Amino acid sequence: MTASYRGTPVSEGVAAGQLYLPDSAGGTGAVTAAGTGAQAVTVTADDVRAAFSLVAAERNTLAGRLREAGRDHEADIVEIGALMAADPALSAPALEALEALDALAVTSAPVSGGDQAKHASVRRDPWRYPLAAAAGAITAAAETQAAILEALPDPDLAQRASDVRQVAVAVRAALAGGAAAAPPEAPFILVRADVDPADLIRLVDAGHLAGAVSVGGGASSHAAIIARGLGLPMLAGADQAVLTAPAGHPAVLDAGAGELLVDPVPGDPVPAGLARVRAAGDGTAAVASATVPSGSCRTADGERVTILCNVASAAETRLGLANGAAGVGLLRTEIPFTRAAGWPDRAVHLAALTPILSLLGGKRAVVRLLDFAGDKIPPFPGAAGLPAFLRAPGALAAQLTAILQAGAGTDLAIMIPMVRALDEVDRVRAELARAASAAGVDPPPLGMMVELAATAAAAAAFAASVDFFSIGTNDLTADVLRRDRSELRPADAAERRVLAAIATTVRAAREARIGLSVCGDAAADPAVLPALLAVGVRTVSVGAAKVPAVARWIAEADTRKPVVPGAG
(Lines give C-alpha, C1' and ligand atoms only; values in the text may rest on other atoms or scores of the structure.)
Protein backbone atom coordinates (compact mmCIF):
# COMPACT_ATOMS: atom_id res chain seq x y z
CA MET A 1 0.00 0.00 0.00
CA THR A 2 1.35 3.40 -0.97
CA ALA A 3 2.21 5.75 1.91
CA SER A 4 2.38 9.51 1.37
CA TYR A 5 4.39 12.02 3.39
CA ARG A 6 4.13 15.78 2.93
CA GLY A 7 6.76 18.49 3.27
CA THR A 8 7.71 21.96 2.09
CA PRO A 9 9.41 22.14 -1.32
CA VAL A 10 12.82 23.79 -0.91
CA SER A 11 14.45 22.49 -4.10
CA GLU A 12 12.10 21.36 -6.82
CA GLY A 13 12.38 18.33 -9.05
CA VAL A 14 11.30 14.70 -9.18
CA ALA A 15 13.36 11.65 -8.23
CA ALA A 16 12.89 7.94 -7.63
CA GLY A 17 14.94 5.44 -5.64
CA GLN A 18 15.01 3.36 -2.49
CA LEU A 19 14.76 4.99 0.92
CA TYR A 20 17.97 5.51 2.88
CA LEU A 21 17.45 6.36 6.56
CA PRO A 22 20.93 6.38 8.13
CA ASP A 23 19.53 7.20 11.59
CA SER A 24 16.96 4.41 11.57
CA ALA A 25 17.41 1.36 13.79
CA GLY A 26 15.39 -0.74 11.37
CA GLY A 27 16.84 -1.51 8.00
CA THR A 28 20.12 0.41 8.15
CA GLY A 29 21.89 -1.03 11.16
CA ALA A 30 22.26 2.25 12.99
CA VAL A 31 22.65 2.08 16.75
CA THR A 32 20.11 4.30 18.47
CA ALA A 33 20.57 5.89 21.86
CA ALA A 34 17.75 3.87 23.31
CA GLY A 35 18.80 0.53 21.86
CA THR A 36 20.11 -2.35 23.93
CA GLY A 37 23.47 -2.13 22.17
CA ALA A 38 23.82 1.46 23.33
CA GLN A 39 23.19 0.39 26.93
CA ALA A 40 25.81 -2.38 26.76
CA VAL A 41 28.56 -0.22 25.22
CA THR A 42 30.33 2.24 27.52
CA VAL A 43 32.35 5.35 26.70
CA THR A 44 34.48 7.89 28.57
CA ALA A 45 34.40 11.69 28.61
CA ASP A 46 37.56 11.58 26.48
CA ASP A 47 35.65 9.50 23.92
CA VAL A 48 32.99 12.21 23.77
CA ARG A 49 35.62 14.92 23.30
CA ALA A 50 37.24 12.84 20.56
CA ALA A 51 33.90 12.42 18.78
CA PHE A 52 33.37 16.20 18.67
CA SER A 53 36.94 16.68 17.44
CA LEU A 54 36.54 13.99 14.78
CA VAL A 55 33.40 15.61 13.37
CA ALA A 56 35.10 19.01 13.29
CA ALA A 57 38.17 17.53 11.56
CA GLU A 58 36.11 15.62 8.99
CA ARG A 59 34.18 18.76 8.07
CA ASN A 60 37.33 20.85 7.84
CA THR A 61 38.90 18.22 5.59
CA LEU A 62 35.82 18.15 3.35
CA ALA A 63 35.77 21.95 3.22
CA GLY A 64 39.41 21.95 2.15
CA ARG A 65 38.71 19.53 -0.70
CA LEU A 66 35.77 21.66 -1.82
CA ARG A 67 37.91 24.80 -1.87
CA GLU A 68 40.59 23.05 -3.92
CA ALA A 69 37.85 22.20 -6.44
CA GLY A 70 36.68 25.82 -6.57
CA ARG A 71 33.48 25.05 -4.64
CA ASP A 72 33.90 27.86 -2.12
CA HIS A 73 30.19 28.39 -1.44
CA GLU A 74 29.74 24.77 -0.37
CA ALA A 75 32.98 24.87 1.62
CA ASP A 76 31.73 27.87 3.60
CA ILE A 77 28.59 26.00 4.62
CA VAL A 78 30.49 22.84 5.61
CA GLU A 79 32.91 24.91 7.70
CA ILE A 80 30.02 26.24 9.78
CA GLY A 81 29.38 22.68 10.93
CA ALA A 82 33.07 22.30 11.74
CA LEU A 83 33.01 25.43 13.86
CA MET A 84 29.93 24.22 15.72
CA ALA A 85 31.51 20.84 16.44
CA ALA A 86 34.63 22.56 17.79
CA ASP A 87 32.69 25.10 19.86
CA PRO A 88 32.75 24.44 23.64
CA ALA A 89 29.27 25.99 23.79
CA LEU A 90 28.02 22.67 22.38
CA SER A 91 30.47 20.13 23.80
CA ALA A 92 30.92 21.56 27.31
CA PRO A 93 27.27 21.16 28.42
CA ALA A 94 27.31 17.54 27.28
CA LEU A 95 30.47 16.84 29.27
CA GLU A 96 29.05 18.67 32.29
CA ALA A 97 25.98 16.46 32.15
CA LEU A 98 28.23 13.39 32.29
CA GLU A 99 30.17 14.88 35.23
CA ALA A 100 26.83 15.32 36.98
CA LEU A 101 26.34 11.58 36.63
CA ASP A 102 29.73 11.13 38.37
CA ALA A 103 28.66 13.34 41.25
CA LEU A 104 25.36 11.52 41.56
CA ALA A 105 27.16 8.17 41.62
CA VAL A 106 29.57 9.34 44.35
CA THR A 107 26.92 10.88 46.59
CA SER A 108 24.45 8.01 46.22
CA ALA A 109 26.81 5.01 46.39
CA PRO A 110 27.23 3.60 49.93
CA VAL A 111 30.90 3.33 50.91
CA SER A 112 32.00 1.55 54.10
CA GLY A 113 34.88 -0.34 55.66
CA GLY A 114 37.28 -2.01 53.27
CA ASP A 115 35.29 -0.78 50.25
CA GLN A 116 36.66 2.76 50.73
CA ALA A 117 40.07 2.03 49.20
CA LYS A 118 38.48 0.09 46.37
CA HIS A 119 36.07 2.94 45.68
CA ALA A 120 38.89 5.50 45.70
CA SER A 121 40.87 3.46 43.18
CA VAL A 122 37.85 3.27 40.88
CA ARG A 123 37.43 7.04 41.02
CA ARG A 124 41.04 7.52 39.87
CA ASP A 125 40.27 5.65 36.64
CA PRO A 126 38.35 7.33 33.81
CA TRP A 127 34.61 7.08 34.49
CA ARG A 128 32.70 5.10 31.92
CA TYR A 129 29.10 5.76 30.89
CA PRO A 130 26.55 3.85 28.87
CA LEU A 131 26.61 4.97 25.24
CA ALA A 132 22.92 5.80 25.62
CA ALA A 133 23.69 8.23 28.46
CA ALA A 134 26.45 9.94 26.48
CA ALA A 135 24.25 10.18 23.38
CA GLY A 136 21.47 11.61 25.51
CA ALA A 137 23.80 14.24 26.95
CA ILE A 138 24.91 15.27 23.45
CA THR A 139 21.31 15.47 22.28
CA ALA A 140 20.26 17.54 25.30
CA ALA A 141 23.13 19.99 24.79
CA ALA A 142 22.26 20.37 21.12
CA GLU A 143 18.56 20.85 21.85
CA THR A 144 19.37 23.59 24.36
CA GLN A 145 21.43 25.46 21.77
CA ALA A 146 18.85 24.81 19.04
CA ALA A 147 16.05 26.16 21.24
CA ILE A 148 17.99 29.41 21.75
CA LEU A 149 18.39 29.80 18.00
CA GLU A 150 14.77 28.90 17.24
CA ALA A 151 13.61 31.64 19.61
CA LEU A 152 15.41 34.34 17.62
CA PRO A 153 13.08 36.67 15.69
CA ASP A 154 15.16 36.44 12.49
CA PRO A 155 13.83 33.37 10.61
CA ASP A 156 17.15 32.77 8.85
CA LEU A 157 19.08 32.73 12.12
CA ALA A 158 16.38 30.53 13.64
CA GLN A 159 16.94 27.93 10.92
CA ARG A 160 20.56 27.53 12.09
CA ALA A 161 19.01 25.31 14.79
CA SER A 162 19.01 22.57 12.17
CA ASP A 163 22.79 22.94 11.76
CA VAL A 164 23.28 22.35 15.49
CA ARG A 165 21.13 19.21 15.42
CA GLN A 166 22.99 17.93 12.36
CA VAL A 167 26.30 18.24 14.18
CA ALA A 168 24.86 16.38 17.18
CA VAL A 169 23.74 13.52 14.92
CA ALA A 170 27.24 13.29 13.44
CA VAL A 171 28.88 13.33 16.89
CA ARG A 172 26.60 10.56 18.15
CA ALA A 173 27.40 8.50 15.07
CA ALA A 174 31.14 9.06 15.60
CA LEU A 175 30.81 8.06 19.24
CA ALA A 176 28.99 4.87 18.25
CA GLY A 177 31.72 4.01 15.79
CA GLY A 178 29.81 4.81 12.59
CA ALA A 179 27.20 2.09 12.97
CA ALA A 180 24.94 3.30 10.15
CA ALA A 181 24.87 1.24 6.97
CA ALA A 182 26.55 2.51 3.83
CA PRO A 183 24.25 4.21 1.29
CA PRO A 184 22.78 2.01 -1.45
CA GLU A 185 24.69 1.36 -4.67
CA ALA A 186 21.64 2.48 -6.67
CA PRO A 187 19.53 5.67 -6.81
CA PHE A 188 18.26 6.50 -3.32
CA ILE A 189 16.38 9.18 -1.39
CA LEU A 190 17.98 10.37 1.85
CA VAL A 191 15.60 10.78 4.82
CA ARG A 192 16.81 12.32 8.10
CA ALA A 193 15.48 14.33 11.02
CA ASP A 194 17.87 17.07 9.89
CA VAL A 195 19.68 16.69 6.58
CA ASP A 196 23.28 17.79 6.87
CA PRO A 197 24.64 19.90 3.96
CA ALA A 198 27.97 18.10 4.28
CA ASP A 199 26.16 14.79 3.77
CA LEU A 200 24.47 16.11 0.63
CA ILE A 201 27.79 17.13 -0.89
CA ARG A 202 29.49 13.83 0.00
CA LEU A 203 26.61 11.69 -1.23
CA VAL A 204 26.20 13.61 -4.48
CA ASP A 205 29.92 13.35 -5.19
CA ALA A 206 29.82 9.61 -4.41
CA GLY A 207 26.91 9.10 -6.79
CA HIS A 208 23.35 7.68 -6.58
CA LEU A 209 21.78 10.38 -4.35
CA ALA A 210 18.53 11.26 -6.12
CA GLY A 211 16.75 13.42 -3.55
CA ALA A 212 16.46 14.30 0.13
CA VAL A 213 13.77 14.74 2.79
CA SER A 214 14.36 16.55 6.09
CA VAL A 215 11.98 16.83 9.02
CA GLY A 216 13.80 19.95 10.19
CA GLY A 217 14.98 23.03 8.35
CA GLY A 218 13.35 25.28 5.79
CA ALA A 219 13.89 27.08 2.50
CA SER A 220 16.85 29.11 3.79
CA SER A 221 18.57 26.26 5.64
CA HIS A 222 22.09 25.47 4.48
CA ALA A 223 21.03 22.05 3.24
CA ALA A 224 18.30 23.66 1.10
CA ILE A 225 20.77 26.16 -0.37
CA ILE A 226 23.14 23.34 -1.31
CA ALA A 227 20.30 21.24 -2.76
CA ARG A 228 19.14 24.08 -5.02
CA GLY A 229 22.66 24.75 -6.22
CA LEU A 230 23.08 21.07 -7.08
CA GLY A 231 19.63 20.76 -8.65
CA LEU A 232 18.72 18.07 -6.11
CA PRO A 233 14.99 17.61 -5.27
CA MET A 234 14.39 18.20 -1.57
CA LEU A 235 11.63 18.64 1.00
CA ALA A 236 12.06 20.24 4.43
CA GLY A 237 9.67 20.49 7.35
CA ALA A 238 8.42 17.01 6.49
CA ASP A 239 5.97 14.98 8.54
CA GLN A 240 7.79 13.41 11.51
CA ALA A 241 6.23 10.07 10.58
CA VAL A 242 8.56 9.84 7.58
CA LEU A 243 11.32 8.75 9.99
CA THR A 244 9.41 5.50 10.52
CA ALA A 245 9.17 4.75 6.78
CA PRO A 246 10.68 1.37 5.79
CA ALA A 247 14.33 1.71 4.77
CA GLY A 248 15.21 0.16 1.43
CA HIS A 249 11.68 0.39 0.04
CA PRO A 250 11.04 2.06 -3.34
CA ALA A 251 9.90 5.67 -3.26
CA VAL A 252 9.18 8.66 -5.46
CA LEU A 253 9.96 12.21 -4.37
CA ASP A 254 7.96 14.92 -6.14
CA ALA A 255 9.45 18.00 -4.51
CA GLY A 256 7.38 20.36 -6.63
CA ALA A 257 4.21 18.80 -5.23
CA GLY A 258 5.68 18.58 -1.72
CA GLU A 259 5.18 14.82 -1.53
CA LEU A 260 7.16 11.63 -0.90
CA LEU A 261 5.43 8.42 -2.02
CA VAL A 262 6.68 5.15 -0.50
CA ASP A 263 5.84 1.75 -2.03
CA PRO A 264 3.86 3.08 -5.01
CA VAL A 265 1.63 0.24 -6.22
CA PRO A 266 1.81 -0.48 -9.97
CA GLY A 267 -1.94 -1.09 -10.15
CA ASP A 268 -2.81 2.26 -8.57
CA PRO A 269 -3.33 5.44 -10.61
CA VAL A 270 0.11 6.72 -11.55
CA PRO A 271 1.01 9.94 -9.74
CA ALA A 272 2.16 12.75 -11.99
CA GLY A 273 5.61 12.75 -10.40
CA LEU A 274 6.06 9.00 -10.93
CA ALA A 275 5.00 9.34 -14.55
CA ARG A 276 7.72 11.93 -15.12
CA VAL A 277 10.35 9.74 -13.48
CA ARG A 278 9.32 6.73 -15.60
CA ALA A 279 9.57 8.91 -18.68
CA ALA A 280 13.12 9.80 -17.66
CA GLY A 281 14.12 6.16 -17.50
CA ASP A 282 16.31 6.41 -14.38
CA GLY A 283 16.30 7.71 -10.83
CA THR A 284 15.96 11.37 -11.68
CA ALA A 285 13.35 13.51 -13.33
CA ALA A 286 13.51 14.01 -17.07
CA VAL A 287 15.66 17.00 -17.97
CA ALA A 288 14.61 19.23 -20.80
CA SER A 289 16.57 18.62 -23.97
CA ALA A 290 16.08 22.18 -25.21
CA THR A 291 19.24 23.60 -26.70
CA VAL A 292 20.46 27.01 -25.63
CA PRO A 293 22.51 28.24 -28.61
CA SER A 294 24.95 30.92 -27.43
CA GLY A 295 22.99 31.18 -24.21
CA SER A 296 19.73 32.24 -25.80
CA CYS A 297 16.56 30.75 -27.20
CA ARG A 298 13.31 31.95 -28.76
CA THR A 299 9.77 31.96 -27.46
CA ALA A 300 6.92 30.35 -29.38
CA ASP A 301 6.24 33.73 -31.02
CA GLY A 302 9.87 34.32 -31.98
CA GLU A 303 11.17 36.62 -29.22
CA ARG A 304 14.84 36.04 -28.35
CA VAL A 305 15.58 35.55 -24.64
CA THR A 306 19.05 35.40 -23.08
CA ILE A 307 19.68 32.94 -20.25
CA LEU A 308 22.39 33.62 -17.67
CA CYS A 309 23.07 31.83 -14.38
CA ASN A 310 23.29 32.81 -10.70
CA VAL A 311 26.46 31.56 -9.00
CA ALA A 312 28.61 31.84 -5.91
CA SER A 313 31.28 29.27 -6.78
CA ALA A 314 33.39 27.96 -9.63
CA ALA A 315 31.49 24.64 -9.54
CA GLU A 316 28.15 26.38 -10.15
CA THR A 317 29.73 28.45 -12.91
CA ARG A 318 31.00 25.34 -14.69
CA LEU A 319 27.59 23.70 -14.36
CA GLY A 320 25.76 26.75 -15.69
CA LEU A 321 28.06 27.10 -18.70
CA ALA A 322 27.84 23.37 -19.42
CA ASN A 323 24.04 23.68 -19.36
CA GLY A 324 24.18 26.44 -21.97
CA ALA A 325 24.09 29.70 -20.01
CA ALA A 326 25.50 32.71 -21.86
CA GLY A 327 27.38 33.78 -18.75
CA VAL A 328 26.72 34.88 -15.19
CA GLY A 329 23.92 37.33 -14.46
CA LEU A 330 24.49 37.34 -10.70
CA LEU A 331 27.74 36.57 -8.91
CA ARG A 332 27.02 36.63 -5.18
CA THR A 333 30.26 37.99 -3.71
CA GLU A 334 29.23 37.89 -0.04
CA ILE A 335 29.11 34.09 0.25
CA PRO A 336 32.86 33.61 0.96
CA PHE A 337 32.64 36.17 3.78
CA THR A 338 29.76 34.85 5.86
CA ARG A 339 32.11 34.53 8.86
CA ALA A 340 34.44 37.46 8.16
CA ALA A 341 35.54 39.52 11.15
CA GLY A 342 35.67 42.73 9.09
CA TRP A 343 35.47 44.12 5.57
CA PRO A 344 37.65 42.10 3.15
CA ASP A 345 40.68 43.77 1.57
CA ARG A 346 41.61 43.70 -2.12
CA ALA A 347 43.74 40.54 -1.87
CA VAL A 348 41.01 38.57 -0.12
CA HIS A 349 38.41 39.68 -2.68
CA LEU A 350 40.77 38.76 -5.49
CA ALA A 351 41.32 35.26 -4.09
CA ALA A 352 37.56 34.68 -3.95
CA LEU A 353 36.75 36.16 -7.38
CA THR A 354 39.54 34.80 -9.57
CA PRO A 355 38.51 31.08 -9.61
CA ILE A 356 35.05 32.11 -10.86
CA LEU A 357 35.79 34.98 -13.24
CA SER A 358 38.68 33.06 -14.85
CA LEU A 359 36.04 30.72 -16.29
CA LEU A 360 34.16 33.55 -17.99
CA GLY A 361 36.61 34.85 -20.58
CA GLY A 362 34.63 36.79 -23.20
CA LYS A 363 31.36 36.01 -21.45
CA ARG A 364 28.95 38.16 -19.47
CA ALA A 365 29.96 38.46 -15.81
CA VAL A 366 27.67 40.57 -13.62
CA VAL A 367 29.34 40.92 -10.22
CA ARG A 368 27.16 42.10 -7.35
CA LEU A 369 28.81 44.14 -4.64
CA LEU A 370 28.76 42.76 -1.09
CA ASP A 371 25.16 42.29 0.00
CA PHE A 372 24.47 41.75 3.69
CA ALA A 373 20.92 43.09 3.52
CA GLY A 374 17.52 41.39 3.51
CA ASP A 375 17.85 37.68 4.32
CA LYS A 376 21.66 37.71 4.28
CA ILE A 377 23.07 37.44 7.78
CA PRO A 378 25.68 40.15 8.53
CA PRO A 379 28.93 38.40 9.56
CA PHE A 380 30.02 41.12 11.96
CA PRO A 381 28.45 44.14 13.71
CA GLY A 382 27.98 47.12 11.41
CA ALA A 383 27.93 45.08 8.19
CA ALA A 384 24.18 45.13 7.53
CA GLY A 385 22.97 46.87 4.40
CA LEU A 386 24.41 48.94 1.55
CA PRO A 387 24.80 52.19 3.55
CA ALA A 388 27.13 50.46 6.02
CA PHE A 389 29.27 49.15 3.16
CA LEU A 390 29.48 52.56 1.51
CA ARG A 391 30.41 54.26 4.80
CA ALA A 392 33.20 51.83 5.70
CA PRO A 393 36.58 53.41 4.81
CA GLY A 394 38.19 51.63 1.89
CA ALA A 395 35.65 48.76 1.72
CA LEU A 396 34.08 49.71 -1.60
CA ALA A 397 37.40 50.70 -3.20
CA ALA A 398 38.96 47.35 -2.22
CA GLN A 399 36.18 45.33 -3.81
CA LEU A 400 35.96 47.42 -6.99
CA THR A 401 39.73 47.21 -7.53
CA ALA A 402 39.64 43.41 -7.13
CA ILE A 403 36.64 43.05 -9.46
CA LEU A 404 38.36 45.05 -12.21
CA GLN A 405 41.52 42.96 -11.89
CA ALA A 406 39.84 39.53 -11.68
CA GLY A 407 37.26 40.41 -14.34
CA ALA A 408 39.72 41.53 -17.00
CA GLY A 409 38.94 39.61 -20.17
CA THR A 410 35.27 39.07 -19.30
CA ASP A 411 32.25 41.06 -20.46
CA LEU A 412 32.22 42.63 -17.02
CA ALA A 413 29.43 44.56 -15.32
CA ILE A 414 29.04 45.62 -11.69
CA MET A 415 25.76 45.65 -9.80
CA ILE A 416 24.71 47.50 -6.64
CA PRO A 417 22.38 45.59 -4.28
CA MET A 418 19.30 46.82 -2.41
CA VAL A 419 19.42 50.41 -3.73
CA ARG A 420 17.13 52.90 -1.97
CA ALA A 421 18.45 56.30 -3.05
CA LEU A 422 20.15 57.92 -6.07
CA ASP A 423 23.06 59.16 -3.99
CA GLU A 424 24.05 55.51 -3.34
CA VAL A 425 24.43 54.99 -7.09
CA ASP A 426 26.37 58.26 -7.44
CA ARG A 427 28.83 57.26 -4.71
CA VAL A 428 29.52 53.88 -6.30
CA ARG A 429 29.92 55.37 -9.79
CA ALA A 430 32.42 57.95 -8.52
CA GLU A 431 34.46 55.27 -6.72
CA LEU A 432 34.31 53.01 -9.79
CA ALA A 433 35.64 55.81 -11.96
CA ARG A 434 38.60 56.28 -9.59
CA ALA A 435 39.34 52.55 -9.47
CA ALA A 436 39.13 52.20 -13.26
CA SER A 437 41.41 55.21 -13.78
CA ALA A 438 43.97 53.74 -11.40
CA ALA A 439 43.80 50.42 -13.28
CA GLY A 440 44.11 52.14 -16.66
CA VAL A 441 40.81 50.75 -17.98
CA ASP A 442 37.41 52.11 -18.91
CA PRO A 443 34.75 51.73 -16.22
CA PRO A 444 32.48 48.74 -16.90
CA PRO A 445 28.68 49.13 -17.00
CA LEU A 446 27.18 49.87 -13.60
CA GLY A 447 23.72 48.58 -12.75
CA MET A 448 21.48 48.20 -9.73
CA MET A 449 19.16 45.68 -8.18
CA VAL A 450 15.49 46.59 -8.04
CA GLU A 451 14.33 44.83 -4.87
CA LEU A 452 12.02 47.32 -3.16
CA ALA A 453 8.55 48.54 -4.03
CA ALA A 454 9.59 52.18 -3.71
CA THR A 455 12.59 51.63 -5.99
CA ALA A 456 10.41 49.98 -8.63
CA ALA A 457 7.91 52.84 -8.45
CA ALA A 458 10.75 55.33 -9.00
CA ALA A 459 12.45 53.24 -11.71
CA ALA A 460 12.24 56.04 -14.28
CA ALA A 461 14.29 58.33 -12.01
CA PHE A 462 16.91 55.64 -11.31
CA ALA A 463 17.17 54.66 -15.00
CA ALA A 464 18.95 57.90 -15.87
CA SER A 465 21.79 57.07 -13.46
CA VAL A 466 22.54 53.39 -14.25
CA ASP A 467 23.37 51.22 -17.24
CA PHE A 468 21.02 48.36 -16.38
CA PHE A 469 18.44 47.06 -13.92
CA SER A 470 18.36 43.59 -12.41
CA ILE A 471 15.09 42.70 -10.69
CA GLY A 472 15.46 40.61 -7.55
CA THR A 473 12.02 39.04 -7.37
CA ASN A 474 12.55 37.42 -3.97
CA ASP A 475 12.94 40.65 -2.02
CA LEU A 476 10.68 42.65 -4.34
CA THR A 477 7.82 40.21 -3.84
CA ALA A 478 8.26 40.28 -0.06
CA ASP A 479 8.31 44.09 -0.02
CA VAL A 480 5.34 44.57 -2.36
CA LEU A 481 3.18 42.02 -0.55
CA ARG A 482 4.53 43.08 2.89
CA ARG A 483 5.27 39.50 3.85
CA ASP A 484 8.29 37.80 5.36
CA ARG A 485 10.55 36.50 2.62
CA SER A 486 10.89 33.11 4.35
CA GLU A 487 7.12 32.58 3.95
CA LEU A 488 7.09 33.14 0.19
CA ARG A 489 7.34 30.82 -2.78
CA PRO A 490 8.75 31.90 -6.18
CA ALA A 491 5.23 31.56 -7.62
CA ASP A 492 4.07 34.43 -5.39
CA ALA A 493 5.77 36.79 -7.84
CA ALA A 494 2.86 36.12 -10.20
CA GLU A 495 0.58 38.13 -7.91
CA ARG A 496 -0.81 41.13 -9.82
CA ARG A 497 0.78 43.82 -7.63
CA VAL A 498 4.21 42.26 -8.02
CA LEU A 499 3.86 41.93 -11.79
CA ALA A 500 2.74 45.55 -11.97
CA ALA A 501 5.93 46.64 -10.14
CA ILE A 502 8.02 44.53 -12.51
CA ALA A 503 6.20 45.95 -15.54
CA THR A 504 6.87 49.50 -14.31
CA THR A 505 10.57 48.71 -14.07
CA VAL A 506 10.64 47.08 -17.51
CA ARG A 507 8.92 50.09 -19.06
CA ALA A 508 11.38 52.52 -17.42
CA ALA A 509 14.36 50.51 -18.69
CA ARG A 510 12.94 50.36 -22.21
CA GLU A 511 12.27 54.09 -22.32
CA ALA A 512 15.76 54.90 -21.02
CA ARG A 513 17.31 52.33 -23.41
CA ILE A 514 19.17 50.50 -20.66
CA GLY A 515 19.49 46.77 -20.02
CA LEU A 516 17.20 44.73 -17.78
CA SER A 517 17.21 41.22 -16.39
CA VAL A 518 15.42 39.21 -13.70
CA CYS A 519 17.72 37.26 -11.37
CA GLY A 520 15.29 36.13 -8.65
CA ASP A 521 13.92 32.62 -8.16
CA ALA A 522 10.73 33.57 -10.01
CA ALA A 523 12.65 33.53 -13.31
CA ALA A 524 13.03 29.76 -12.89
CA ASP A 525 9.40 29.14 -11.95
CA PRO A 526 7.27 27.76 -14.80
CA ALA A 527 4.18 29.54 -13.48
CA VAL A 528 5.83 32.97 -13.34
CA LEU A 529 8.29 32.91 -16.25
CA PRO A 530 5.61 33.32 -18.99
CA ALA A 531 4.25 36.36 -17.13
CA LEU A 532 7.74 37.89 -16.91
CA LEU A 533 8.21 37.40 -20.64
CA ALA A 534 4.78 38.86 -21.34
CA VAL A 535 5.62 42.12 -19.53
CA GLY A 536 8.80 42.51 -21.56
CA VAL A 537 11.63 40.69 -19.74
CA ARG A 538 14.15 39.40 -22.29
CA THR A 539 17.07 38.35 -20.06
CA VAL A 540 16.82 35.99 -17.10
CA SER A 541 19.46 34.71 -14.69
CA VAL A 542 18.66 31.44 -12.93
CA GLY A 543 20.24 28.67 -10.87
CA ALA A 544 22.88 26.77 -12.84
CA ALA A 545 20.95 23.50 -12.65
CA LYS A 546 17.77 25.18 -13.94
CA VAL A 547 19.12 26.47 -17.27
CA PRO A 548 17.88 23.58 -19.49
CA ALA A 549 14.39 23.57 -17.97
CA VAL A 550 14.11 27.36 -18.28
CA ALA A 551 15.11 27.10 -21.95
CA ARG A 552 12.28 24.66 -22.53
CA TRP A 553 9.72 26.83 -20.75
CA ILE A 554 10.82 29.86 -22.77
CA ALA A 555 10.37 27.90 -26.00
CA GLU A 556 6.82 27.06 -24.96
CA ALA A 557 5.87 30.63 -23.95
CA ASP A 558 3.94 33.14 -26.04
CA THR A 559 4.78 36.72 -25.09
CA ARG A 560 1.69 38.06 -26.87
CA LYS A 561 -0.57 36.88 -24.07
CA PRO A 562 -1.31 39.92 -21.86
CA VAL A 563 -0.75 39.60 -18.12
CA VAL A 564 -0.99 43.09 -16.63
CA PRO A 565 -3.23 45.54 -18.51
CA GLY A 566 -1.22 48.47 -19.82
CA ALA A 567 2.12 46.87 -19.03
CA GLY A 568 3.31 46.47 -22.59
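Leaving aside its neighbours within four places in sequence, which residues is Thr505 in contact with?

## Surroundings of Thr505

In this predicted model, the contacts of Thr505, once neighbours within four places in sequence are set aside, are Val450, Ala456, Ala459, Phe469, Ile471 and Leu516. Thr505 is part of helix H20, which covers residues 496-512.

The relative accessible area of Thr505 is 0%, under the 20% cut-off, so the residue counts as buried. A polar atom of the Thr505 side chain lies 3.0 Å from the backbone oxygen of Ala501.

## Packing of H6 against H8

Two packed helices are described by the angle between their axes and the distance between the axes. For helix H6 (residues 131-150) and helix H8 (residues 161-175), the angle is about 170° and the axes are 8 Å apart. Because angles over 145 degrees count as roughly antiparallel, H6 is roughly antiparallel to H8.

On the H6 side, the residues that meet H8 include Leu131, Ala135, Ile138, Ala142 and Leu149. On the H8 side, Ala161, Val164, Arg165, Ala168, Val171, Arg172 and Leu175 take part. The residues of this contact divide into 12 nonpolar, two polar and four charged.

Of the 15 residues of H8, 12 are buried, so the helix is largely enclosed by the rest of the structure. The buried residues run from Ala161 through Ser162, Asp163, Val164, Arg165, Gln166, Val167, Ala168, Val169 and Ala170 to Val171, with Leu175 also buried.

Conventions. Residues numbered from 1 in each chain as written. Predicted model: local features only at pLDDT ≥ 70, side-chain atom pairs only at ≥ 80, totals over all residues. Heavy atoms only, no water. Axes fitted to C-alpha atoms, helices over the stretch in contact; angles between N-to-C directions. Helix = DSSP H or I, 4+ residues; strand = E, 2+ residues; numbered from the N terminus. Parallel < 35°, antiparallel > 145°, perpendicular 65-115°, else oblique. Contact = heavy atoms within 4.5 Å. Nonpolar A, V, L, I, M, F, W, Y, C, P; charged D, E, K, R; others polar. Buried < 20%, exposed > 50% of the residue type's maximum accessible area, 1.4 Å probe, protein only. Polar contact = N/O pair within 3.5 Å; in protein donor to acceptor, adjacent residues only side chain to side chain.
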